[in-house]
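Here's a quick briefing to go with the protein you are about to look at. Keep the picture open while you read.

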Amino acid sequence: MKVDVVALQEAQLAGGALAVPGYQTAAVTRRARGRRGQGSFRGGDVAILVRNGLNFQTIRESPLQPQDDTTEWCAIRVILSAPRPTTQLRHHLDIYNVYRPPIRTSATDERVDFFSLEAFPTLDNVIIMGDVNGHHPAWDVHCYNPDEVGRRVYDWVSEKDWQVLNTGASTRSGYGEEAQHSTPDVALAHSNLARRCTWQAGTDLGSDHLPQVITAAISGSRPRRIRKERWAFHKADWAGFAAACEVAAGAMSGEDSVERLATAFSGAISGASGKYIPRGARADPQPWALDEELVRAVAERRAARTAVQVDPSPENQALWKEKKRRAADAEVEARQRSFRKFASTELNRPAALGRVTKLLRKMEGAVMDACPGQAVSGDRGQLVAEDRSKAEAFVRTYASVSRHTRHRKRDRAVKANLKRAHADPCICEGQRSDACRPFSRQEMLDQMRKMKNKKAPGMDGVCTEHLRHLGPLAQEVMLRLFNLSWRSAEVPSVWRRAVIIPIPKAGKDPQDVTSYRPISLTSHIAKLMERMVSARVTHLLDRDNVIPAEQVGFRRGRSAEENLGRLIQEVQDGWNLPAPKGRPSDGKTAARFVLTAYDFSRAYDVIDHQMLRLKMLHRLPRCYATWIFHFLRDRRACAEVNGVRSSSRPFRAGLPQGSVLAPTLFTLWSADLVEELRKVDGTSIYMYADDTATLSSGATIAQAKVRAQRAADVMAAWARKWKMRLAGSKTQVLVLSQRHEDARDIVLRVDGTAVKGTRHLHLLGVTFDRLLHFGEHCSRLRRKVKPRVAQLRKLTARSWGLQEPQLRTVANGYVRGALEYAAAAWLPAASESHVELLEREMRATARVVTGCPISTPRDPLMAEAGMVPVRARREALAVRLTATAASQRTDDPLREVAARTAPRRLRTTTGWRDVGREALTRLGLQETPVEERLHITLPPWSDCSGVAIRLDVGAAISREARDEVRRAAVEEHLATLPDQATWIWSDGSAEGGVASGGSGALITLPSGEERTTRTPAGAVCSSTRAELVAMRAALEEVQQLEDATSATPLVLCTDSQAALATLATGAGEQRTTLGAEI
């Protein structure tokens, strides 16, 4: 029997989530109180599950009396789709699930029974069911004298023209010698509905209660099975696919229309995929409830219960209780066997780390289970349940946010400025040279390597896996499509179309249409084009130093940790200035600070395209601004719910969600905001994408407040100028001062909204307090990781579960990763008592990894687990941030802060700079130079077509193979290389892989002459860097002998896979000066 709706009473969820395969958890109500006012909450809990494919709405208006604090209830509205509404039948069915616990008048039970049906709805489309613990002959044939609750229920039914659906069969069998059959469970419905309903007691499910099975004959569609089909790439015939694409590509050689070529190209890929790549939905997992031992035990239990119902003799009672206990034990054992087998086999695979983390997050409750049938409140206020209607509601909501906002005065000014900017030619003067040149095949392949597999396709159905397996001719057609679009600034329409998938946010109301995060699926071919354009744009912005150093979001090699570290160190430096002996002096005596964290409302969704075009014309070549502008214009999207798509709607403003170009464009868009804020005296700026914070200092709190207000006014004026909106209600203000009096009555006005100072401020994932002790932040972290440790403990035991190496890896990422987020900035400043909170969680994690008891001493425990204590990590993280600051540009604010030598007046104030310096001094590395980062990369269009890097020499040979086997594989490959060549054999190493690096190379010229190079690689360096130093020195030596080697190829052989892999990413992707020079 397939049940559409399941109503549970006494679910006893014990705080855990309720998940049943094939069903949606529609409503859950926890128990309100125990027998005593301060007693424990044992038992109870009601829930309703709805079969997948049915649409429903959770009913939230309580039908109970205000004083009733004992009855538990939940209700849903099952929404039935009918093509033609009629007046006789409503097209929804309301189901109320009720549990009234037994209330006994005694000294141990302080509850009062206020249960009543008076406030329940009486319409003819309502069913009320549940366990009311009331008895009446109307539904209990074993009852001759109704109790008080039974009389109340029956009187209400008679008065409202309702009927009892029960046939009188018992639904409960008691235990013991005086066991009786009874019916405390009842189902009620209006007379009109009752005529279309049948009732029966279901089969035994292991409880002393039998389930009520109600069949209602109502109009509407049956639940449909939702199965999303995917490409089965692991079963693909890639040779046949590539051959079919090559044939189709040959017919596109003469096509010169961008739109037609894009359509033909994606069509060719789709056609070949249909022939050579299977497609289907995943099979449903085998449920553990089909375990053979469990099935046998359940059958025996049901037979024993049937015997009790026929003859309730003591022998049959004892047999039933024994079989019931045995079935319950078999159920627990089957569930454990299934989970333990899954944890011991599936989760211990090396490639299963991501799967383990997803499982842990789901067990933790951080990921919300999707309810595909949940009705949502549409953008027009009405409730919608049909998939098409929900999709329309979502797309209307998202499109309304990204609408073009008209402002005549500003639009006229922008139009005039655009006209003047268009008068200037592009830097290439129409020749498409230098940065505006056509894309090369190497650029395309370099960016394709960065694209990830297993990503959902856009409207064209093409995935990254398809593009990776194209043949050379198909790749040439794709490159011609890209260059044709680049030259003509014409963007195919399919590249500007998206499918939006709404994903529910954890902890949000699932009925609210704004509680869903839109995930846009766009064309992977377009994403590849975006990547190539984005790489060039990023290079140009870095080369011209367009993006200010205060902006660290979406920038290569930068992180939020750097801005947080700079902020904390600047505050500590201000506090450590001399205390004022008379009148405070700005910059000479101890400073006070006002930290303000701003929030833009829908920052990415409201960007005006014409204004962005104007900014691009001022910062980028005209060819780039033109193509990007046409890429953003006329964008349309539809929403998809349960496989059903809405109509397409235009998105006339904003940056496309999921776009590769969007982050880079936003940093360009907001660059002038930093320039405006720099004009405010005594104010430092910290930006990570759209998260903007200002730190205003002053000799007095009044001066700091005045500067903070000026910064707020500048923010508001900039936002109005560029049609952005500041969310004053989400803006935070915090006073950072050693004097608690300074934090009183601090109020700023942000775009007309009064913002009061708070005790804590949350910025970039870190919670700040007035004294920078980070007590609240450490407490939050502990509350965050404590359930993670508990869930991790459930995945392992002595004889099953995750093995120790896998556990250690998961723990370092899942627990330590959360504790150490941006820790280099705040951990050195945290007080010892607060750090101890984190140490406790790390020790608990170490006990999970090792299985050691709680009595194990701390140091041996952490050593056995292979995990470093938090206090020890504090120094390592501080040194890392110190080195990161030293590797920045000389004018970078983080490097300036790190290079300061500030007085230290306050002993309790310790920052990462002092901790890092002390650690380096103790190691004797205080004078060791730090290699500066490569701030301007090589141009992505650099021609490296003459360079081939092979990483697969002897790839089929394992490390455990005999030396002669490995040597034979290498010699076989070397035999394919030219004899007449300049040969370089390079090598490099470092002691322990970290220190005293050295390198050398043997160079054999075509003439047979041999030369050698020996080069130190650094006192502190990695073995990979030593290998790269050896390569660079050898290449420099060969470059000096250009006359002797220019006519022959050059072959460089090394045993460093890491060094070659670094170089294989391409010239424009090198992150170090050393890699770029090679």
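**Salt bridges and a buried threonine**

Let's start with Glu832, which counts as partly exposed at 41% relative accessibility (partly exposed sits between buried, under 20% relative accessible area, and exposed, over 50%, using a 1.4 Å probe and protein chains only). Keep in mind that this is a predicted model, where local features need pLDDT of at least 70, side-chain atom pairs count only at pLDDT 80 or more, and totals for chains, interfaces and linings use all residues. Residues are numbered from 1 along each chain as its sequence is written, and side-chain values use heavy atoms, with hydrogens and water left out.

- Glu832 forms a salt bridge with Arg874, and their closest N and O atoms are 2.7 Å apart (a salt bridge is a side-chain nitrogen of Lys or Arg within 4 Å of a carboxyl oxygen of Asp or Glu).
- This pair links distant parts of the chain, 42 residues apart: Glu832 is in helix α23 (residues 832–850) and Arg874 is in helix α25 (residues 870–886). Helices here are DSSP runs (H or I, at least four residues), numbered from the N terminus.
- Arg874 counts as buried, at 14% relative accessibility.
- Salt bridges with shared partners join Glu832, Glu836, Glu839, Arg840, Arg843, Arg858, Arg871 and Arg874 into one network.

**Other salt bridges**

- Side chains of opposite charge can pair when their charged atoms come close.
- How many salt bridges does a search of the whole structure find? The search turns up 71.
- One of them joins the side chains of Glu1069 and Lys450, at 2.4 Å from N to O. Glu1069 sits in the loop between α31 (1057–1064) and α32 (1073–1077) and Lys450 in helix α10 (residues 441–450), so this pair ties together parts that are 619 residues apart in sequence.
- Glu1069 is buried, with a relative accessible area of 10%, while Lys450 is partly exposed at 31%.
- Glu676 and Lys679 also meet through their side chains in a salt bridge, at 3.5 Å from N to O. Glu676 is partly exposed at 32%, and Lys679 is exposed at 61%.

**Thr937**

- You'll find Thr937 in the loop between α27 (912–922) and α28 (963–974).
- Is Thr937 buried or exposed? Thr937 counts as buried, at 6% relative accessibility.
- Leaving aside neighbours within four places in sequence, Thr937 is in contact (heavy atoms within 4.5 Å) with His539, Arg556, Gly1068 and Gln1070.

Notes: Helices (H or I, at least four residues) and strands (E, at least two) are DSSP runs, numbered from the N terminus.
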